[in-house]
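Here's a quick tour for anyone meeting this structure for the first time.

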Amino acid sequence: MAEKLKIVVVGNGNAGAALVDSLLAKDSGRVEITLYGDEEVGTYDRLRLSEFMAGTVDLAQLGMRSDDWYEERNVRFRRGVRVEELDTKAQKVRGTDGEWVPYDRLVFATGSSSSVPPIEGRDKKGVFVFRTVRDVEEMLEAAPERAVVIGGGLLGLEAAYGLTTHGSEVTVLHRSPHLMNQQLDPAAGRMLGREIEKIGIRFKVGANTEEIMGKGRVQGVKLKSGEYLPADMVVICTGIRPNKGLAGRAGVRANSGILVNEHMETNVKNVYAVGECTEYNGQLIGLVAPALEQVRVVVDTILGERKLVYKGSGASTTLKVAGVDLVSAGDAYGREEDCEAIVSSNPLEGVYRKAVVKNGKVVGTILLGDISAGPQMTEAVKRRMPAEEVAGLVIGSVDAASAPLELPDEAQVCDCNGVSKGRIVATIQDLKLKKVSEVIQETKAGNSCGSCKPLVAQILEQAADEVEEDKNYVCKCMELMADDVKEIVRSRGLKSVSEVGEACGAGKVCPDCKPALTYIVASTNSNRHKEERHARTINDRVHANIQNDGTFSIVPRTYGGVTSPDQLRKVADVAEKYNARMVKITGSQRLDILGVKKEDLPKAWADLGMPSGFAYGKAFRQVKTCVGTDFCRFGVGDSTNLGIDLEKAFEFLYTPAKVKMGCSGCPRNCAEASVKDIGAIAIEGGWQIYVGGAAGMEVRKGDVLATVETKEEAYDVMMAFMQYYRENGQPKERTYDFVPRVGLEEIKKNVLDEESGEPERLRERLRKAKEATSDPWLERTNNVTKNQFAREVGRV
């Protein structure tokens, strides 16, 4: 057997992770990979850091890979180890762990770091950059009331968005005359500004920062104009610089970045570089798509084929900025001489489309808000297509979804993951794919921001012999829909997930299916089922949220966000006793004790003596309230006690996906009830009930389900809706997807028609399910020994 090629990859960011994936996919039996990552966490999608910051995804949803993942693929992952020395003559590297590792091929994928300008006061406490998971965690730990973000490009706006979702008052300072000036023209930049103002982000353009003020820590920012902005946090997002230091010390040529040729080779034999650390023909890159293009080339080079070459990356990008989609390609400004433009602008809808034309050919484009024509317009720029061929797409007379799809094979369909049309077509035909979900799984096109999914579907229609509709199987192994499983459970009297596996012919249930099947078995049996802890996710098994260092967070329940001095003392005592890293007041008005070891959890719960806040599962979470009529001079409804009553009615109940609620005592809506899964807002003479709201990456104001006169009526309507959602929602389907799917009128018919008796039947079924619940913390501390607990939760 031929000796395996020893490949060392230095860097575990997007490029490094993609390189490992590509090598394994191309020839896993031929390579032996050692991967260095200097962060304490594994691979994750940096493009989604703002979602992590906003709390809409957790580390697992960022694509975090477990140690098991690397072990199963024989990848030697050196987590938290930085490479300190490279001996290119002996072909070996030494990390901070002190071990020398030999290589046949070495690839730098060291990425870039935040570029911090020489602003006076930049070294004060409270000054941050926005680049890694740890940066995000430190910003959230600081929990600023007022923050200033310096830099109105992509990173700055994403940081501002994340902080805003946690209740911070954020102002973005941008030196240029309009936001995102590298990608957008002034008109589009102004429109983007109006869109982000709608979600509460303030900004100042033409703003030059002179000094970060404060004695030891941040107190404010002084502009060169003399204006002063008070702040307790400053986030600097003014660009990036390639990480080239190690390469330079080892004799690898570098300028602004590590110099590479068209095969991604450096000047040193068997040493290569990819991603943001590179420089090719004087060009640096700061986006994922060109980095993935470089990865494909370097894999081809390393494995000896040398058929692919890198020709540089065009100025084309597809982004989602603070929830707003945009595409920018080519000469978006029209800087070339004799340029003209076709423009369609609708500021009321936040939609802007532009094609820059020179001598009748398309040389640039900007799409903001509606980017459905992005692939066609980007390709038009690359090929300098005649303007009349795309004019309809720009002015909106031609629907992008129905436009003829005449893209060449090299056209890039997915910018996030660097996937071309040719690769998608080849994969569809080679693997005989029939479903969009299969294409996404095999090619990764549409797997990140999702904006290219409609185009992926079009390509599938053209390339496949047969197309099948994607069905929302709760169990893909057995191809069963949620309703199918419910009927099997109900008709056969099944009480456990294991029994479902046996009844459906599989004999066992795969890990992907277990959480959804557990919910169906429990809800169908009104929580009178056989609980199998192995069928729960790790967070559910442990009744706490796992953190990036392997410790856990504990969130006790504080009904309606109301606590007491005694509870606060208990929280403080537990945090000190078990060496918690932080105690944080969350955006949902709860106390979060972070950094508790797994083995200490039962003891910490016992010492707290407070019920579980269920902050870890697909379950009812909490009700955020304002002080209502108890203290507020504007209050017209008793929101606090309504919230407490609802929280006691719903605690410990599992739901198809997590449910967050809010109760506001007046139309000022301080509890943000209109953007919760279920919310109530007091108005003169009654209450308005909202359902299907969202305040994550996509903001959706909830639909008004009902307007009622009394607090008791509001309580009844919310009870009925909760049970209707529990019975009819698909696993992992949030209410903001459930409500549009089912339809508001259909929901009203079942939830509001008291004469039919159905609302009361819903409430009765909810009460029956609630009777069979219990506090898992109390149950574990009373009935489970330490060894039993360890066996139940298994290996994390």
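Predicted model: local features only at pLDDT ≥ 70, side-chain atom pairs only at ≥ 80, totals over all residues.

A charge is said to sit over a ring when NZ of Lys or CZ of Arg is within 6 Å of the ring centre and within 35 degrees of the ring normal.

**Charges over rings**

- Arg668 has its charged end over the ring of Phe634, 3.7 Å from the centre of that ring.
- Lys648 lies over the face of Tyr559, and here the distance to the ring centre is 5.4 Å.

**Aromatic pairs**

- How many aromatic pairs does a search of the whole structure find? The search turns up 10 of them.
- Trp605 is buried, with a relative accessible area of 2%, and Trp777 counts as buried at 2% relative accessibility.
- Phe614 and Phe652 make a tilted pair, with 5.8 Å from centre to centre and 55° between the planes.
- Phe614 is in the loop between helix 19 and strand 34 (620-625), while Phe652 is in the loop between helix 21 (639-650) and strand 35 (659-664), so the pair links parts 38 residues apart in sequence.
- Phe614 is buried at 2% relative accessibility, and Phe652 is buried too, with a relative accessible area of 10%.
- Phe614 and Phe652 also belong to one aromatic cluster together with Tyr616 and Tyr654.

- Helix 22 (residues 711-728) and helix 25 (residues 758-771) have axes that come within 8 Å and cross at roughly 75°.
- Angles of 65 to 115 degrees count as roughly perpendicular, and helix 22 and helix 25 are therefore roughly perpendicular to each other.
- On the helix 22 side, the residues in the contact include Asp716, Val717, Met719 and Tyr724; on the helix 25 side, Pro759, Leu762, Arg763 and Leu766 are among them.
- By class, this contact of helix 22 with helix 25 has 9 nonpolar, 1 polar and 6 charged residues.

**Helix 4 and its cover**

- Which residues of helix 4 (residues 133-142) are buried? They are Val133, Asp135, Val136, Glu137, Met139 and Leu140.
- The cover over these buried residues of helix 4 includes helix 2 (49-54), strand 9 (127-129), strand 16 (233-236) and strand 32 (582-585).

- Val10 lies in strand 1 (residues 5-10) and counts as buried at 6% relative accessibility.
- Val10 and Ala109 are 99 residues apart in sequence, yet 5.5 Å apart in space from C-alpha to C-alpha.
- Leaving out residues up to four places away in sequence, Val10 touches Tyr36, Val83, Leu106, Val107, Phe108, Ala109, Thr110 and Leu246.
- Not counting residues up to four places away in sequence, Glu158 touches Ser50, Phe130, Lys320, Val321 and Ala322.

Definitions and conventions:
Residues numbered from 1 in each chain as written. Heavy atoms only, no water. Axes fitted to C-alpha atoms, helices over the stretch in contact; angles between N-to-C directions. Helix = DSSP H or I, 4+ residues; strand = E, 2+ residues; numbered from the N terminus. Parallel < 35°, antiparallel > 145°, perpendicular 65-115°, else oblique. Contact = heavy atoms within 4.5 Å. Nonpolar A, V, L, I, M, F, W, Y, C, P; charged D, E, K, R; others polar. Phe/Tyr/Trp six-rings, centres within 6.5 Å; stacked < 30°, edge-to-face > 60°. Buried < 20%, exposed > 50% of the residue type's maximum accessible area, 1.4 Å probe, protein only.
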